[in-house]
Amino acid sequence: MWYHKPPINEELLQSLPNLKVVASSGVGIDHLDLKLLSSYGVKLSNTPFIVSTDTADMGMALLLASSRRLVEGHEMAVSPDTEYFPADWLGVEVSGATLGILGMGTIGYKVAERAKAFEMKILYHNRNQRKKEEESAVGAIYCKKIDDLLQQSDFVLLAVTLTPQTHKLFGKRELELMKPTATLINISRGLVVDQDALVEALQNKVIRAAALDVTYPEPLPRDHPLLKLKNVIITPHIGSATKKTRWVMMEEMAESIEAGLAGLPIPHEVL
């Protein structure tokens, strides 16, 4: 499966009685019915670790692009109507700012490593607190309550897995807890955020800006209000989109398929 295609539903499974393994690209499995696959005796694999570094890079890229208004700046610099650069056209500081990370798994932790190099103060919320030595390595402070993280952060980055528990985890209440000068960055899944609430928050300046590598649906309808807002950067779900990473993802998928057909243990099998 690449980009969640083809959809694995009962009709497809019934039409493929000899199917042994489904190899899905990327780490997310929210598009798959694990019970349905299991009921047909089909095994599942994904490519969870190879995407982490590039996705963390993407998180920092979005943070920097939003804070320094790179997209708007580029448009100004190349516009045929530009006669001068206004002196009061300003972004916000990254160095010394507070980054709150929701979801301190492999990707979230790699974001923290990068943010430390930018001298950011790092807060995080996770189902489980990281080991003290891991926290110390990046200077991260655990927030047991999401509210504490939201109220203190200048940037809030979402790196959680999409599950029934995290579906629209981030809505009107959470947005209103953020600073009006804060930016939301989403590198997880679009459905983690209540998109209607986000549009309203951006229009009414409840928060300063948003930088999104994921939306729902993907791509957004061309008349969607998010596409009309100046304080939003949207990229086309390219967290893992580098040549090397995509090549290794394909290699790992092929290895899983070969192992499944040979009756051998499947690398990165999702149980």
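A residue is called buried when its relative accessible area is under 20%, exposed when it is over 50%, and partly exposed in between (1.4 Å probe, protein chains only). By this rule Glu174 is buried, with a relative accessible area of 16%.

## Basis of the model

The model is predicted: local features need pLDDT of at least 70, side-chain atom pairs count only at pLDDT 80 or more, and totals for chains, interfaces and linings use all residues. Residues are numbered from 1 along each chain as its sequence is written, and side-chain values use heavy atoms, with hydrogens and water left out.

## Two domains and their interface

An automatic or database domain assignment divides the protein into domain 1 (10-49 + 241-262) and domain 2 (51-234). Their centres, taken over C-alpha atoms, are separated by 30 Å. In terms of contact (heavy atoms within 4.5 Å), 10 residues of domain 1 meet 5 residues of domain 2.

The size of an interface is often given as the accessible area lost when the parts come together. Here the buried area (accessible area, 1.4 Å probe, that two parts lose on being put together, summed over both) is about 660 Å², and carbon and sulfur atoms give 50% of it. Asp30, Phe49 and Thr245 supply 57% of the area that domain 1 buries against domain 2, more than any other three residues.

## Salt bridges

A salt bridge is a side-chain nitrogen of Lys or Arg within 4 Å of a carboxyl oxygen of Asp or Glu. The whole structure holds 10 salt bridges, and the count between domain 1 and domain 2 is 1. Asp30 and Arg189 form a salt bridge, with their closest N and O atoms 3.3 Å apart. Arg189 counts as buried at 17% relative accessibility, whereas Asp30 is partly exposed at 33%.

Asp147 and Arg173 meet in another salt bridge, at 2.4 Å from N to O. Asp147 belongs to helix H7 (residues 146-152) and Arg173 to helix H8 (residues 172-177), so the pair ties together parts 26 residues apart in sequence. Helices (H or I, at least four residues) and strands (E, at least two) are DSSP runs, numbered from the N terminus. Arg173 also forms a salt bridge with Glu174, at 3.2 Å from N to O. Through shared partners, Asp147, Arg173 and Glu174 are joined into one network.

## Helix H5

The buried residues of H5 include Ile107, Tyr109 and Val111. The elements that the buried residues of H5 pack against include helix H3 (52-67) and strand E3 (98-102). Just after H5, Glu119 takes a positive phi of about 60°.
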